Amino acid sequence: MNIELRKLTLEDYADLKESMLQAYDSMGGSIWPKSSIAKLLNIFPEGQLCIAVDDKVVACSLAIIVEYDEYGDRHTYKLITGDYSFSTHDPNGDTLYGIEIFVHPDFRGLRLGRRLYEARKELCESLNLKSIIAGGRIPGYHTYSETLTPRQYIDKVKAKEIYDPTLTFQISNDFHVRKVLKNYLPGDKESKEFATLIEWNNIYYQGVDASARSAMTIRLGLVQWEMRLFPDMDVFYEQVEFFVDALSGYKSDFIMFPELFNTPLLQPYNHLPEIEAMRKLAEKTQEIVDRMHEYALSYNVNIITGSMPLLENGKLYNATYLCHRTGKIDEYRKIHITPNEQKYYGMIGGDKVQVFDTDCGKIGILICYDVEFPELSRIYADQGMQILFVPFLTDTQNGYTRVRHCAQARAIENECYVAIAGCVGNLPKVNNMDIQFAQSAVFTPSDFAFPTNAVKAEATPNTEMVLVVDVDLHLLDELHHYGTVKVLKDRRTDLYQTKLLK
């Protein structure tokens, strides 16, 4: 499955029409004609957004800009849209007015509506508009209209005593109800022709030119995972989804789990030799990756799955997966296998070194011991890497110190950010996985634009927690060109080079 959020085009209309018919089946299948879509695309193309799944448009949001005070809080849908002609659109207005948003019913489990709302917010900020305003249906109200007023119904939805498929979703996306409207959308029987006037305020509007804000700030979410025994896979997935939900709630662009974080699932095989137990655990890897892939799509976040054993053609690898929020999956296999991984599990190293293109720039992944070999990250840097992710698992503090200091060196010498995430706690009933030590962190280059100790943030040692960190890719560009020292530019490539041989 491939998910793409982009601007709508007139060539999308056939898909758009089919999705609208399905989405508005309960309202008699009322849809926008092609001529209306064409006019919107002509007057305000950047405000018309869609989501395509496998190249088919299944979700859409339409908007115009208005000078809101000209219409006030008592307007109707017909009035605000200029009798559906969009003559009210004013490029110099102060408010982004949402006139449409829908998702095809077959794709509503993917949280596509959330993506559209986030894109609208970004558009509002980039255009330096005061707010987003829209009239929202309350399709669940007809069930309660005999006993509750619209205001009472809305208050109960706010209090989560009643679930409304539209209003509950809008509230969860940071919109507040500004007013109740009567006769906003004639013919909306489910809402009894009532509507909520909802608003999202752009906090960057006053005093900050949103168009000047860096569009290169990326939010990293690191999971410092506590090892614990799980009675079954459902409980394991509940814990994984808890962290994904929490970090996506903080609008993280990436979430990273640690190396071999799923080894508590070895417990049922503790009676087997370690090499056989790890191969049994490898049988669960594809299932876990599939579930992480679902989370990446539904929570709209790129997930680095932490590493897991991978059995292929009788050979055991230590592999991690990059589940893009667009639906793509990339794989990286640990290159350098530790003596213990070879001795106890019979693991072998991978042989593919590459940087991954994401919607947030170029990233590299190294697993634990790999970061202690500077050649790999230097090759990544030559391929344009901006952020290096390092899931790790260390049992002792001296093992952690090696990973930490090598990761810090990689950040400085390659002029990039390095994020590390590890496991903490104990597993007394799992052979060779009994103790762990970790302090997850994000490291930076060392220059005036960065923290003086080159540590952007770090977790509390040996405590389960998450670390949420913003990194600015624009600062890396500044460093490359204007830094106190320019490590990558000043290399003597006439004298020495680092090359990838295959």
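**View 1. Two buried rings, Tyr141 and Phe194.** Tyr141 and Phe194 are both buried, meaning under 20% relative accessible area with a 1.4 Å probe, protein chains only. This is a predicted model, where local features need pLDDT of at least 70, side-chain atom pairs count only at pLDDT 80 or more, and totals for chains, interfaces and linings use all residues. Residues are numbered from 1 along each chain as its sequence is written, and side-chain values use heavy atoms, leaving out hydrogens and water.

**View 2. Aromatic pairs, with Tyr141 and Phe194 as one of them.** Searching the whole structure turns up 25 aromatic pairs. Tyr141 and Phe194 make an edge-to-face pair, with 5.9 Å centre to centre and 90° between the planes. Here Phe, Tyr and Trp rings (for Trp, the six-membered one) pair if their centres lie within 6.5 Å; planes under 30 degrees apart are stacked, over 60 edge-to-face, the rest tilted. Distant parts of the chain get linked this way: Tyr141 sits in the loop between strand S5 (131-136) and helix H5 (150-158), while Phe194 belongs to strand S7 (residues 194-201), 53 residues apart. Helices (H or I, at least four residues) and strands (E, at least two) are DSSP runs, numbered from the N terminus.

**View 3. A cluster of aromatic rings.** Trp225, Phe230, Phe236, Tyr237, Phe242, Phe243, Phe257 and Phe261 are joined into a cluster by ring pairs.

**View 4. The setting for the close-ups.** The protein chain has 13 helices and 22 strands. Its C-alpha atoms fill a box of roughly 75 × 55 × 40 Å along the principal axes. Of its 502 residues, 52% count as buried.

Terms used: Buried < 20%, exposed > 50% of the residue type's maximum accessible area, 1.4 Å probe, protein only.
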